[in-house]
Amino acid sequence: MPELPEVEIVRHSLNKKIIQKKVKKVIIRNKNLRLKIPHNFESFLKNKKIIKVDRFSKYLILYLSSKSYLLIHLGMSGTIHLVNNNKKNIITNTSFYNSLKLPKTHNHIEIIFKDLRLIYNDPRRFGFFQLIKNSKLLKKRFSHLGPEPFELKFNLDYILSFFRKKEKIIKNFLLDQSFVSGIGNIYASEILFESKINPNKRACVLSKKECQKIIINSKKILTNAIKKGGSSIKNFTNISGIEGKFQKNFRVYQREGLNCKRSKCKGIIKKKIISNRSTFFCDFCQK
């Protein structure tokens, strides 16, 4: 599943290509995504300009000229492809999983501009499109989600208050989108390693210093991942043909059985299944 840095790269790619373009036509080949495509989907988008593409957590937000919004979530396997009508694209994928080129199947939604087509491909159909009529409803749509790691609200007072008397372990908290938005399994392991915190440690017993480390390292690791184009577990390249390279900086994720990369640490990277998710940590510096 694309995490916050991967979705941010998609946002950046779309902002370069579709801003101020008017929707000429919409083709729906399969309405049955995680949320069923509404009957007014085409009429809602047709003749609207894309003002900007924003992001919150793992959601893409397309601002429309009608002061309404199109929300896109990529789910587990969703990818957005941009196809130029006037030339053959070698690489069409704006995101980082599956085919670099437009696949022949599972192309469920097509948004057509004058010289460009935005095509949504999703073999597993866990992604979705959602129409939002105004800013009030957009704010309400995200009201159940916690702040992003980059927000000022994600501070020491917030974390200490949230963790008070909570027995849940810290790894699960980092994946809990009501606590903090946008962190997924890969980055949770990396953040806890950088913070020298065992993923099984109960949140309520974390010290102020440990909480401060989580704040700092969440920002640091996600920022670094965005700069390097996201994490590539499978082959991917963005629309400019640039590979994501953060996977080359993994310090624990998918390094089971290898020596810890921390200087002077004699530990070995272990893998443990926590809440049905693979978790990686050093058995020495994350005791």
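Visitor: How does Gln 20 count at 45% relative accessibility?
Guide: Gln 20 counts as partly exposed, because its relative accessibility is 45%; buried means under 20% relative accessible area, exposed over 50%, and partly exposed in between, with a 1.4 Å probe and protein chains only. This is a predicted model, in which local features need pLDDT of at least 70, side-chain atom pairs count only at pLDDT 80 or more, and totals for chains, interfaces and linings use all residues. Residues are numbered from 1 along each chain as its sequence is written, and side-chain values use heavy atoms, without hydrogens and water.

Visitor: Where does Gln 20 lie?
Guide: Gln 20 is in the loop between helix H1 (4–17) and strand S1 (25–28). Helices (H or I, at least four residues) and strands (E, at least two) are DSSP runs, numbered from the N terminus. Gln 20 has a positive phi of about 70 degrees, although it is not a glycine. Most residues other than glycine have a negative phi.

Visitor: And Ser 57, buried or exposed?
Guide: Ser 57 is at 1% relative accessibility and therefore counts as buried. Its loop joins strand S2 (50–56) and strand S3 (59–64), and its phi is positive, near 55 degrees.

Visitor: Changing topic, in which sense do S9 and S10 pair?
Guide: Strand S9 (residues 269–274) and strand S10 (residues 277–282) pair in the antiparallel sense over six bridges; pairing requires that DSSP finds at least two bridges between two strands.

Visitor: Which residue in S10 stands opposite Lys 270?
Guide: Phe 281 stands opposite Lys 270. S9 and S10 form a hairpin with two residues between them, and Ser 275 in the turn has a positive phi of about 50 degrees.
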